[in-house]
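Me: Can you walk me through this one? I'll jump around a bit.

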Amino acid sequence: MELSVIYIFLTNLAILIGLFAIISLSLNLEYGYAGIPNFGKLLAVAGGAYFVGALSGRALAIAYGQPAGLGYIERNIEVVGFLNGVLSSSPLHSIVFLIMSIVGAAFFGGLLGYVSSYPAIRLRGDYLAITLLAMGEILWVIGDNWQPLIGGSMGVRIPDPFRWVGGQYRPLAILLTVLITAAIVFIYLEYLGRAPLGRVLKAIRENELSAGVHGKDVVRLRTKTLIVGFAIAAISGALNSLWTVSVSPKDFERVRHTFMPWVMVMIGGAGNNLGAVIGAMIFVTLRELIVFYKHFFEAIVPFDVIWLEYLFLGLALIIVLMYRPEGLLPEKPTKTLSAKKLKAIASRVEPAKEKAT
Amino acid sequence: MSIPLLRDAIVFASILTMLSTGLTLTYMTTKVPNFAHGNFAAINIYFTLIIAKFLNINPYVGVITGFFLGGATSLLLYLLILKPLLDREASYIILMIATIAYDMMLISVINIIADYLSRVHKITSRLFQLREWGYGIEIFGQPSIFIVAPLLAALLVISLYLFLNKTKFGIAMRAAIDNPSLAEAIGINVNLTYAVSWFISGGLAGIGGALAPLQMTCNTDTGTRLLISIFAASIVGGLTNIYGAFLGGFLIGLAEVLGTGYLAINFGSWVVPYRPIIPLTLMALTLLFAPRGLTGINWAKLFRRGS
């Protein structure tokens with residue numbers, strides 16, 4: 001094996017791990033912390049990618065006086081070629097485009113989360129799960145058929161914000177962007193989990209009724225959680241399409257973007273952010289190895305090896321649910337302040353009390 | 001409305017009724033929406049293909065094998081996966097994830113069968129249909145599928161009704177659904193009644209799946225696509241009422257085909273691919289305004305207030 005093959009394989013693997021870690025972290029917030037069964041992860045991820053394909057590329061086209069209507073789809077290669085020329089000579093514009101795409105996708109994802117969960121957010125979780133799953137399929141139907149959006153089933157090419165770093169450094173630049181984003185998401189969610197909000201979400205997960213009795217607005221908190229979760233997953237979708245510089249409905253499917261993150265979170269350990277990341281690492285690596293060595297198996301069996309992966313994933317998930325439902329890294333008790341700090345606070349409160357009495 | 005469209009609508013509604021009835025039945029017993037239900041049907045779509053193209057037998061035979069194969073697929077899910085999880089007092093979310101995991105395994109099996117049929121035996125196994133059987137054979141001058149599907153759906157619905165209301169086991173089953181611990185106390189084998197209801201559910205899905213390729217173009221993802229319509233049908237009817245599933249299945253089936261046909265005539269054929277939006281919209285409206293479905297609405301009270 002040549003060194004360059006290993007280099008390409010490893011960078012691709014690391015990028016994919018980063019992308020899936022972001023998705024599984026968002027699912028961990030929704031399911032692990034708040035207990036919301038979001039079976040519509042596909043909706044969020046594809047939503048983010050569709051946003052980049054449909055809107056942020058067009059915004060750039062308008063800025064440089066290129067056709068942004070149906071012409072953007074029809075003369076796609078020409079327009080994107082021109083825009084790439086502009087972006088490759090201007091790092092500043094590239095970075096602005098990148099950041100605008102990510103932020104825009106996050107906002108769009110959040111909006112999608114709010115709208116799609118609205119009909120069922122007040123009902124028991126299974127209704128919500130059904131609704132979100134169905135919405136995800138509908139988004140696929142729209143993306144696959146409505147030409148003006150992202151070119152229908154053919155997909156659409158988008159301008160490349162990493163062109164200016166030069167061909168051989170491009171994968172590294174993307175890897176850096178993805179890993180930084182994943183790290184920010186991880187730190188943010190860790191912070192959220194330790195903040196009072198994280199404890200409230202866990203309280204809702206454990207007993208909705210008692211959380212409600214204690215004055216927590218369960219529906220509002222659930223909606224908020226879904227909006228944040230959708231926004232984070234949409235960022236992953238946006239980064240994915242900026243990496244492959246194209247958006248196509250067939251890249252986003254239920255198994256890959258709804259089911260895989262669930263496997264990662266359940267096996268990594270629901271309610272534990274590190275578990276979600278480790279789950280992503282294990283399953284992306286396994287999947288990439290299967291894809292890499294696919295042609296060896298292909299000669300032996302008369303079917304596409306990728307289906308064996310589905311069988312294996314389903315089986316692995318069921319075994320974990322039965323024999324180790326807490327996952328590889330179980331959820332840790334909620335972090336509280338250290339004993340020293342608590343004593344310090346107590347000593348501050350005590351004199352005040354004594355004074356009062 | 002043209003006659004072929006109406007025919008399509010009635011056939012599809014019949015198939016959907018079988019599917020939604022099974023889904024509601026298992027939801028009532030185990031209180032978990034079964035995400036693998038669509039692929040119970042899809043397995044039998046491929047079994048029918050094997051019967052018709054590989055064994056060269058009339059695919060209507062698939063209805064009988066479909067009942068048992070679908071039932072077995074479903075029973076396996078209950079006995080091997082859901083029952084042990086229920087014994088461990090897993091939450092309904094865990095059960096849902098387990099049904100999705102089983103669904104993935106079914107998708108894998110379906111695709112392996114499809115790949116095997118096309119690569120080894122050169123049988124078209126993707127985007128295929130067997131309309132030459134469903135429409136080629138005629139009964140009373142009508143396409144046979146148009147007679148068989150509604151008749152079978154009606155027969156199944158009536159026999160399920162009789163089974164649940166007139167037989168001792170059926171009454172025990174309803175008791176076990178309404179109050180498992182009380183039923184157990186008076187000596188009903190709750191586990192057996194649940195297992196039977198899962199078998200019936202899968203069997204109904206299997207029959208629906210066996211008939212599907214005779215009427216529509218099927219693919220490996222047909223089960224997954226059907227799932228939206230099935231859930232919509234069950235929810236519109238009311239997930240906790242078996243008669244709601246009959247009603248919902250027929251309504252959603254008609255609405256989907258007739259609605260798409262009507263819109264296609266008026267706005268052009270580009271609307272056809274957006275067909276799943278119709279069941280989804282009806283489902284969302286139901287969840288917003290009557291979450292317990294049509295059978296969950298207290299109609300008498302509603303009319304009294306109106307007058």
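Me: Where does Leu127(B) lie?
Reply: This is a predicted model. In it, Leu127(B) sits in the loop between H4 and helix H5 (131-134) of chain B.

Me: Is Leu127(B) buried or exposed?
Reply: Exposed. Leu127(B) has 10 C-beta neighbours inside 10 Å, and the cut-off for exposed is 12 or fewer.

Me: What about the phi of Leu127(B)?
Reply: Positive, about 50 degrees, although Leu127(B) is not a glycine. Most residues other than glycine have a negative phi.

Me: Which other non-glycine in chain B has a positive phi?
Reply: Lys31(B) is one of them, with a phi of about 60 degrees. Lys31(B) is placed in the loop between helix H1 (3-30) and helix H2 (37-54) of chain B.

Me: And how exposed is Lys31(B)?
Reply: Partly. Lys31(B) has 15 other C-beta atoms within 10 Å.

Me: Staying with chain B loops, where is Gly187(B)?
Reply: Between helix H8 (180-185) and helix H9 (190-215) of chain B. Gly187(B) counts as exposed, with 7 C-beta neighbours inside 10 Å.

Me: How far is Gly187(B) from Gly203(B) in space?
Reply: 27 Å, C-alpha to C-alpha. In sequence, Gly187(B) and Gly203(B) are 16 residues apart.

Me: Switching to the interface. How many residues of chain B are in contact with chain A?
Reply: 37 residues of chain B, against 35 residues of chain A. On the chain B side, the elements giving two or more residues are helix H3 (62-87), helix H4 (92-120), helix H10 (222-237) and helix H12 (277-289).

Me: Which of those gives the largest share?
Reply: H4(B), with 19 residues.

Me: OK, chain A overall. How many helices and strands?
Reply: Chain A has 16 helices and two strands. Its C-alpha trace spans about 80 × 55 × 45 Å along the principal axes.

Me: How does the radius of gyration of chain A fit a compact globule?
Reply: The two agree. A compact globule of 357 residues would come out near 21 Å, and chain A has 23 Å.

Me: How much of chain A is buried?
Reply: Buried residues are 46% of the 357. As for contact range, take chain A contacts between residues at least 6 apart in sequence: 80% of them join residues at least 24 apart.

Me: Now H11(A). What span should its 27 residues have?
Reply: 39 Å, at 1.5 Å a residue. The end C-alpha atoms of H11(A), residues 218-244, are 39 Å apart, so the span agrees.

Me: How buried is H11(A)?
Reply: 19 of its 27 residues are buried, so H11(A) is largely enclosed by the rest of the structure.

Me: What follows H11(A)?
Reply: Val245(A), with a positive phi near 45 degrees.

Me: How does H1(A) pack on H11(A)?
Reply: At an angle of about 170 degrees, with the axes 8 Å apart; this H1 is residues 3-33 of chain A. That angle makes H1(A) roughly antiparallel to H11(A).

Me: Which residues make that contact?
Reply: From H1(A), they include Ile15(A), Leu19(A), Ile22(A) and Glu30(A). From H11(A), they include Leu226(A), Ile232(A), Leu239(A) and Trp243(A). The contact of H1(A) with H11(A) divides into 13 nonpolar, five polar and one charged.

Me: And H1(A) with H12(A), at what angle?
Reply: About 70 degrees, with the axes 9 Å apart; H12 is residues 254-268 of chain A. H1(A) and H12(A) are therefore roughly perpendicular to each other.

Me: Which residues are in that one?
Reply: Among them are Phe20(A), Leu27(A) and Tyr31(A) of H1(A), and His257(A), Met260(A) and Trp262(A) of H12(A). The contact of H1(A) with H12(A) has nine nonpolar, four polar and no charged residues.

Me: Last one. Is Leu132(A) buried or exposed?
Reply: Buried, with 26 C-beta neighbours inside 10 Å. Leu132(A) lies in helix H6 (residues 125-145) of chain A.

Me: What does Leu132(A) touch beyond four places away in sequence?
Reply: Asn38(A), Phe39(A), Gly40(A), Leu43(A), Ser116(A) and Ser117(A).

Definitions and conventions:
Residues numbered from 1 in each chain as written. Chains lettered and ligands numbered in written order. Predicted model: local features only at pLDDT ≥ 70, side-chain atom pairs only at ≥ 80, totals over all residues. Helix = DSSP H or I, 4+ residues; strand = E, 2+ residues; numbered from the N terminus. Rg over C-alpha atoms; globule rule 2.2 N^0.38 Å. Buried ≥ 20, exposed ≤ 12 C-beta atoms within 10 Å, placed from the backbone. Contact = placed C-beta atoms within 7 Å. Expected span 1.5 Å × (residues − 1). Axes fitted to C-alpha atoms, helices over the stretch in contact; angles between N-to-C directions. Parallel < 35°, antiparallel > 145°, perpendicular 65-115°, else oblique. Nonpolar A, V, L, I, M, F, W, Y, C, P; charged D, E, K, R; others polar.
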